[in-house]
Amino acid sequence: MKKPHQDEELARQAKELFDDSVERLDAATLSRLNRSRHEALAEIERSKSVGHWARWVPATGVAAAAVVAVVVWQGVPVEGPLPSAGPVTDFEILIGEDSLEMLEDLEFYSWIEPSDLQTDGNVG
Amino acid sequence: MSACAGVFAVSCSREQSKGATTLQRERQLNQFLAGVERRALRFAEIAVRDRDEALDLVQDAMIKLARNYAEQPEDEWTPLFFRILQNGIRDWYRRQMVRNRVMVWFGRGTNADNDYDPVAQAPDPAGRGPDDQAQTDEAMQELESAVGRLPARQREAFMLRTFEGLDVAGTAVAMGCSQGSVKTHYSRAVHSLRDALGEHWQ
């Protein structure tokens with residue numbers, strides 16, 4: 001039957017040897033450990049900056065989903081937009097009887113416009 | 001206008017205090033890692049029996065601790081760090097197993113690691129003579145070899161309790177198991193080591 005103090009003695013000896021091997025690590029290894037530590041510390045800054053943007057990712061996602069939902073809910077128009085009132089009115093004027101007469105007397109109207117101007121000028 | 005300036009000033013002072021806290025935390029983490037890195041390296045090296053692999057494992061553990069647990073209370077860092085390291089070592093073993101199977105499939109054997117001697121070339125800082133140093137090296141090799149032959153959970157319990165000096169609760173956190181399991185694994189590990197190391201250690 002082994003006594004508990006023998007277990008303790010084994011643990012003590014093992015720890016002593018382990019500590020000794022830790023103390024005897026060479027300079028190149030210590031330098032690599034040092035570099036690793038600094039890379040790890042730089043990771044804090046990196047994760048912070050990523051975290052800053054990452055905070056907006058869910059909000060942006062929700063906003064994009066909301067926009068998509070509204071577009072789907074409103075429904076995409078199957079046909080193009082209705083023609084505006086302007087062109088229809090012009091067309092009606094053009095096909096009206098009066099306008100045809102006006103087209104026939106186009107020479108008269110083009111003559112009367114400069115003569116009006118001359119008359120105005122004489123009056124003035 | 002003055003209200004805006006007030007809000008801006010409060011915001012600035014908050015940012016400054018946040019920055020100071022982060023800086024202080026970084027300093028604490030640096031101190032912690034500087035204190036634990038050598039032991040962690042030897043810990044990993046005994047487990048995987050390769051210094052370069054051990055350095056990679058320690059670096060990964062440091063980065064993961066800094067990235068994910070820097071905000072945790074400082075007294076939780078030790079068990080967390082060794083838990084991360086321990087998980088890395090387990091993953092390493094899994095990868096090795098897969099690699100070895102592939103090697104066997106292609107008819108190539110695995111490298112024997114019996115001639116591994118991680119500290120033999122290092123100078124002795126205590127200034128001991130070559131004979132004393134050789135004796136210590138031999139004892140350490142015996143210990144490493146015996147610890148390396150332990151089942152994984154026993155090895156973890158023994159190394160965390162003995163080498164790192166973690167208590168049962170801390171070891172349980174690091175191993176991700178109950179305190180009762182830690183006691184059982186540790187007791188079995190010590191028993192196995194006593195049998196393996198024999199009269200040299202009694």
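Biologist: How many helices and strands are there in chain B?
Modeller: Chain B has seven helices and zero strands, where helices (H or I, at least four residues) and strands (E, at least two) are DSSP runs numbered from the N terminus. This is a predicted model, in which local features need pLDDT of at least 70, side-chain atom pairs count only at pLDDT 80 or more, and totals for chains, interfaces and linings use all residues. Residues are numbered from 1 along each chain as its sequence is written, while chains are lettered from A and ligands numbered from 1 in the order in which they are written.

Biologist: Which residues of H3(B) are buried?
Modeller: Among them are B:Phe81, B:Phe82, B:Ile84 and B:Leu85. A residue is buried if 20 or more other C-beta atoms, placed from the backbone, lie within 10 Å of its own. In chain B, buried residues make up 32% of the 202 residues.

Biologist: Changing topic, how many residues does the contact take from chain B and from chain A?
Modeller: The contact takes 34 residues from chain B and 28 from chain A; two residues are in contact if their C-beta atoms, placed from the backbone, lie within 7 Å.

Biologist: Which helix supplies the largest share of the side of chain B that touches chain A?
Modeller: H1(B) does, with ten residues.

Methods. A residue is buried if 20 or more other C-beta atoms lie within 10 Å of its own, exposed if 12 or fewer, and partly exposed in between; C-beta atoms are placed from the backbone.
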